[in-house]
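Biologist: Could you take me through the place where the ligand sits, slowly and in one go? I would like a close look at that part alone.

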Amino acid sequence: MRFDVVSIFPEYLAPLDLSLIGKARTDGLLELNVHDLRTYTKDRHRTVDDTPYGGGAGMVMKPEPWAQALTEIAETSPASVPERKPTLIVPSPAGEVFTQKLAYELSEEVHLVFACGRYEGIDERVLEWAGEQFTVRAVSLGDYVLNGGEVAVLAMVEAIGRLVPGVVGNPESLIEESHSDGLLEYPVYTKPSSWREREVPEVLLSGNHGKIAKFRREHQLRRTATRRPDLIDALDVSSFSKTERNI
Ligand SMILES: OB(O)c1ccc2cc[nH]c2c1
């Protein structure tokens, strides 16, 4: 999987040199190229923004530097072959919401390109123009607004990259995590079994794997129903036991 990120703050992406994603890059499982948008400006002030047509507060990112940067990336893309285009992800509060389902879908791609907007956003014509060379998707982390796309890209690259085979050492750990089965994950405990007068649930010390699995499933359902009732509505409960349906 190759990632390319274009930003006016390339140093914002430095955390992707660390930990799991950093090791996957060293091991050759992931490739990450970060590009400074100002490299693709032509004026002495390296201008990337200008005032909005129609008036209004703030500035808008000029289209031409983006076209230069994205064209260069597309020309070297492993996905720029007949019947296949690289995917261009544009973080935006006006985008589809990023979910674990979308992370899995995108982890199947060979080349993801991220365009980090700043100011009031990128000239809309860039997203229209880019559709010739890319599959373009505007994506939001959630219903709140950041100051630019970089933080969203950090989250998405980690969420997507960790799903690429070989990146996470034990793939089984991807199975029982939140959202992998539509539910939130169960509570976890470790030593000591008694801590500040709080005990680990007895069943987890029993060695009875059937009872442990039942305990964990019930806590997944209870936690999801309490914290994210919206996820319950989306579940296919036809496989649930009578007890599970009444939690
Ligand atoms: O909240 B966001 O995901 C986001 C993304 C891009 C820009 C550009 C200016 N503000 C932004 C916010």
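Modeller: Happy to! A pocket here is an open set of points on a 1 Å grid over the protein atoms alone, with protein on both sides within 12 Å along at least five of seven lines. Please keep in mind that this is a predicted model. The largest pocket holds about 500 Å³ of space. Its lining counts 26 residues, and those closest to the pocket's centre are Pro 91, Ser 92, Pro 93, Ala 94 and Gly 121. By class, 14 lining residues are nonpolar, nine are polar and three are charged. Strand β5 (87-97), helix α4 (124-130) and strand β7 (135-140) each contribute at least two residues to this lining, and β5 has the largest share, with six.

This largest pocket is the space that the ligand takes. Around the ligand we find Pro 91, Ser 92 and Pro 93, then Gly 117, Arg 118 and Tyr 119, and finally the run from Tyr 144 through Val 145, Leu 146, Asn 147 and Gly 148 to Gly 149. On its own the ligand has 310 Å² of accessible area, and the protein covers 93% of that. In this shell, six residues are nonpolar, five are polar and one is charged.

Methods. Residues numbered from 1 in each chain as written. Predicted model: local features only at pLDDT ≥ 70, side-chain atom pairs only at ≥ 80, totals over all residues. Heavy atoms only, no water. Near = heavy atom within 4 Å. Areas by Shrake-Rupley, 256 points an atom, 1.4 Å probe, with all protein chains shown as cover. 1 Å grid on protein atoms, 1.4 Å probe; cavity = no way out; pocket = protein on both sides within 12 Å on 5 of 7 lines; lining within 4 Å. Sits in = over half its atoms within 2 Å of the grid points. Nonpolar A, V, L, I, M, F, W, Y, C, P; charged D, E, K, R; others polar. Points joined across faces, edges and corners; volume = space filled by probe spheres on them. Helix = DSSP H or I, 4+ residues; strand = E, 2+ residues; numbered from the N terminus.
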